[in-house]
Amino acid sequence: MSDPSFSGVLDGTSSKVLSCVAALRIGGVLYVLAEAGGEGDLCYQADAGIRAGLRSCEGRRLNADVVRIAKKACRRLIAEYSGAERTRPFALAGFEFLADVMDAIDAEGGETSNSYLVIFQKALEVASLWPEAVDLDGHTSLRVFERFCQQESVSQLRAGGVPGVRGGLGPRELNYRGLVKSVS
């Protein structure tokens, strides 16, 4: 990731924010896929853990119970997911990605300033597994769109801190959720 938009020093908290936001974006479509397969409750629990991690970056105490339940939910989703064959590789890689972000949230000693780069790379790998072309804000592949979202979230964080990133998250989650319509 030698992209200049990722250059500059970020602290560990900023790195965790960017990791959580990437997980919430991809989690948007994962929730819809899991819900269709009858496993929406597990995905909701995973989402709650990621959101708890994001809230902890705003000075709130990390709710360890929520994160513990979320990690269990991720493991169950990985083991039990039975969704559509066409999106299964994306979904399974996505659930593993959420588990990786959970591990980063829960890691003793916190994140390093560049740990989000590893998470961003994993997010791109997951996005590459989307089974068809997309049309999201002029981007024709989910990987390219995810890369755009990553650059956007870094810029939002630098310009407006956590509230700035949160402000841009909702529309991107909806972009991801809308993908399911294209494969149904």
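**View 1. V183 counts as buried, at 18% relative accessibility.** Here, buried means under 20% relative accessible area, exposed means over 50%, and partly exposed is what falls in between, using a 1.4 Å probe and protein chains only. You're looking at a predicted model, where local features need pLDDT of at least 70, side-chain atom pairs count only at pLDDT 80 or more, and totals for chains, interfaces and linings use all residues. Residues are numbered from 1 along each chain as its sequence is written, and side-chain values use heavy atoms, with hydrogens and water left out. V183 sits in helix 7 (helices are DSSP runs of H or I with at least four residues, strands are E runs of at least two, and both are numbered from the N terminus). Setting aside residues up to four places away in sequence, V183 touches R86, T87, W130, P131 and E132; contact means heavy atoms within 4.5 Å. Take E132 from that list: it is 51 residues from V183 along the chain, yet their C-alpha atoms are separated by 8.0 Å.

**View 2. W130 and the largest nonpolar core.** This core has 55 residues, and those with the most contacts inside it are F90, F95, F97, W130 and L142. A nonpolar core is a set of buried Ala, Val, Leu, Ile, Met, Phe, Trp, Tyr and Cys residues joined through side-chain atoms within 4.5 Å. Two or more residues each come from helix 1 (12-36), helix 2 (40-56), helix 3 (64-80), helix 4, helix 5, helix 6 (142-177) and helix 7 (179-183). Helix 1 gives the largest share, 12 residues. Zoom in on W130 and, leaving out its neighbours within four places in sequence, you'll find it in contact with V29, L33, T87, F90, L142, L179, V180, S182 and V183.

**View 3. Helix 4 (residues 88-106) against helix 5 (residues 115-127).** The two axes come within 9 Å and cross at roughly 165°, which makes helix 4 roughly antiparallel to helix 5. Axes are lines fitted to C-alpha atoms, for helices over the stretch in contact, and angles run from 0 to 180 degrees between N-to-C directions. Under 35 degrees counts as roughly parallel, over 145 as roughly antiparallel, 65 to 115 as roughly perpendicular, and the rest as oblique. The crossing is left-handed (the near helix is turned anticlockwise from the far one by less than a right angle; clockwise would be right-handed). From helix 4, F90, A93, G94, F97, D100 and V101 meet I119, K122, A123, V126 and A127 of helix 5. By class, that contact has eight nonpolar, one polar and two charged residues. Ala, Val, Leu, Ile, Met, Phe, Trp, Tyr, Cys and Pro count as nonpolar, Asp, Glu, Lys and Arg as charged, and the others, Gly among them, as polar.

**View 4. I26 of helix 1.** With a relative accessible area of 0%, I26 is buried. Apart from residues up to four places away in sequence, I26 touches F90, F97, A123, V126, E146 and Y176. One of these, V126, is 100 residues from I26 in sequence but 8.5 Å away in space, C-alpha to C-alpha.

**View 5. Helix 2 and its contact with helix 3.** These helices pack at an angle of about 140° with their axes 8 Å apart, so they are oblique to each other. Helix 2 passes helix 3 in a left-handed crossing. On the helix 2 side, L42, C43, Q45, A46, A48, G49 and A52 meet V66, V67, I69, A70, A73, C74, R76, L77 and E80 of helix 3. Sorted by class, the contact has 12 nonpolar, two polar and two charged residues.

**View 6. Helix 2 again, this time with helix 6.** Their axes come within 11 Å and cross at roughly 155°, so the pair is roughly antiparallel. R51, L54 and R55 in helix 2 meet V162, R166, L169 and E173 in helix 6.

**View 7. S153 in helix 6.** S153 counts as buried, at 2% relative accessibility. Beyond its neighbours within four places in sequence, S153 is in contact with L18, V21, R25, F120 and V165.

**View 8. D137, in the loop between helix 5 and helix 6.** Check the backbone here: phi of D137 is near 50°, a positive value in a residue other than glycine. Most residues other than glycine have a negative phi. D137 is partly exposed, with a relative accessible area of 47%.
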